[in-house]
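Subject: The structure you asked about

Hi,

Here is the structure to open alongside this message. My notes on what turned up follow just below it.

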Amino acid sequence: MAPETTGANRPMVSVRGLNKWFGPLHVLKDIDLTVAAGEVVVVVGPSGSGKSTLCRCLNRLETAGQGSVEIDGEPLPAEGRALARLRADVGMVFQSFNLFGHKTVLDNITLGPTRVRRIARPEARQQAMALLERVGIADKADHHPAQLSGGQQQRAAIARALAMQPKVLLFDEPTSALDPEMVNEVLDVMVSLAAEGMTMIVVTHEMGFARRAADRVVFMDDGRIVESGAPDDFFAAPRTERARDFLSKILQH
Amino acid sequence: MEALTAHLSELGHGLVTTVELTVVTTVGAMLLGIVVATLRIAPVPLLRAIGTAYVEVFQNLPLLALLVLFVFALPTIGITFPLFTSAAIVIAVYEGAYLAEAIRAGINTVGVGQAEAARAIGLTFGQSLRHVILPQGLRAVIQPIGNICIALLMNTSLAAAVGVVELTQAANTVNLVEAQPIAVFTGAGLAYMLLALIIGQVTGLLERRLAIVR
């Protein structure tokens, strides 16, 4: 692929001074985060540290109280058509998959491309089949979500997000609702996406994935980004006490 | 029995009018119900208020009073419709309030994650509603919608009070001639029952056909 004229380090996601409150609860505090095009950032931290909320602020499923979010240089618009257009460029994969229950897997994937991108149905189906092939569940195209295992549903959800040809993919704890034996089939898809240069922000508890695929690990605690660094550095020698404490709790087994 | 067979054509016309009124009104009430339910879940407070006001007004007034008001009050300010049209409008508006509440209940059964996923792929509010929320929400309340349609069928008999010659009015007229209320109204009642059974069957069929695999 030809190098981008604007440079390989063009910021794809840029968060400045983000603050968010749920009522009196201050859940995100002065978040600054820049993710370059092609970068894979893994966000880790204890429950309630604000990781998921941060992720959801990036496509405005949650509205920030203060601060700005830019996607590929464009500030997130307020509600309305402009926001819908921008969301189409930001893929999201949810913890609970959220596949559309009344539609087949194939129709789940073609809905966005046909209705938002206005791609003709036969072409959209073709692309959807190619994506299902890629995530390894082409044989499930005509099934309904409830007929699939959790791992298969999550791979279908990834295919649905990819079908929009997003500029960046957000993963909000994509493997947390899965049985342990299904975690890897999802992680494998994510690792291959990362290797292909997809810009990804991944909230997860899978430290193995962070080691394998992340360019950068961001550690959050109590609504703040406490530490940020290369995965090898972060796991081998966390700089802050809180990160050391967190790692000692999750890595001791 | 002779009281019925001697007046089959009048009663038949009444039955046809009842069916027409029921079909037209059901379609109108469904459309209104979907619109009002949508208003009630809209992100704009003013729209929600309009939806709530609609439901509160039309659920809390007797249908007969609405019919009489519409048919006899509107002409005093120069607005007149044919009687059938008037009755159809009033019943649709009235039943629309009940359908809106049933549909809203259905919408509430659809998980919030479905709406988030719809928005996340770039669907607008309207598109999410049309392609994701309503298809699932309506499926969840086919049975209560069927019940409201049966109630609607029964309520079409109130149109008799404002001069629409539907089945009840036809039966009434026949009875004035024959003075055989038991035969005449049993016959009419059986016809209503048959129509209600058909609605029930259609409801059951739709429910089985459209069930979401879970």
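Chain A first: its secondary structure consists of nine helices and 10 strands. The radius of gyration of chain A is 18 Å, close to the 18 Å that the globule rule gives for 253 residues, so chain A is as compact as a globular protein of that length. Please keep in mind that this is a predicted model.

If you like to picture dimensions, a box of roughly 55 × 45 × 40 Å along the principal axes holds the C-alpha atoms of chain A. Of its 253 residues, 55% count as buried. I also looked at contacts in chain A between residues at least 6 apart in sequence, and 65% of them join residues at least 24 apart.

Is A:Gly229 buried or exposed? Its relative accessibility is 16%, and because the cut-off for buried is under 20%, A:Gly229 counts as buried. Leaving aside residues up to four places away in sequence, A:Gly229 touches A:Arg216 and A:Val217. I also checked A:Gly229 against A:Leu169, which is 60 residues away along the chain: their C-alpha atoms are separated by 20 Å.

Now to chain B, where I started from the UniProt record. The unreviewed entry places the feature "domain: ABC transmembrane type-1" at residues 15-203 of chain B. In the model, that stretch of chain B is 81% helix and 0% strand, with its end C-alpha atoms 21 Å apart.

The "transmembrane region" annotation, again from an unreviewed UniProt entry, covers residues 21-43, 63-94, 140-162 and 182-206 of chain B. I looked at two of these spans:

- Residues 21-43 of chain B are 87% helix and 0% strand, and the end C-alpha atoms lie 35 Å apart.
- Residues 63-94 of chain B are 72% helix and 0% strand, and here the end C-alpha atoms are 7 Å apart.

Have a look at those two spans in the viewer when you get a moment, and do write back with any questions.

Best wishes

Conventions
Residues are numbered from 1 along each chain as its sequence is written. Chains are lettered from A and ligands numbered from 1 in the order in which they are written. This is a predicted model: local features need pLDDT of at least 70, side-chain atom pairs count only at pLDDT 80 or more; totals for chains, interfaces and linings use all residues. Side-chain values use heavy atoms; hydrogens and water are left out. Helices (H or I, at least four residues) and strands (E, at least two) are DSSP runs, numbered from the N terminus. The radius of gyration is taken over C-alpha atoms; the globule rule is 2.2 Å times the number of residues to the power 0.38. Buried means under 20% relative accessible area, exposed over 50%, partly exposed in between (1.4 Å probe, protein chains only). Contact means heavy atoms within 4.5 Å. UniProt positions are given in the numbering used here, feature names are shortened, and annotations may be inferred rather than shown by experiment.
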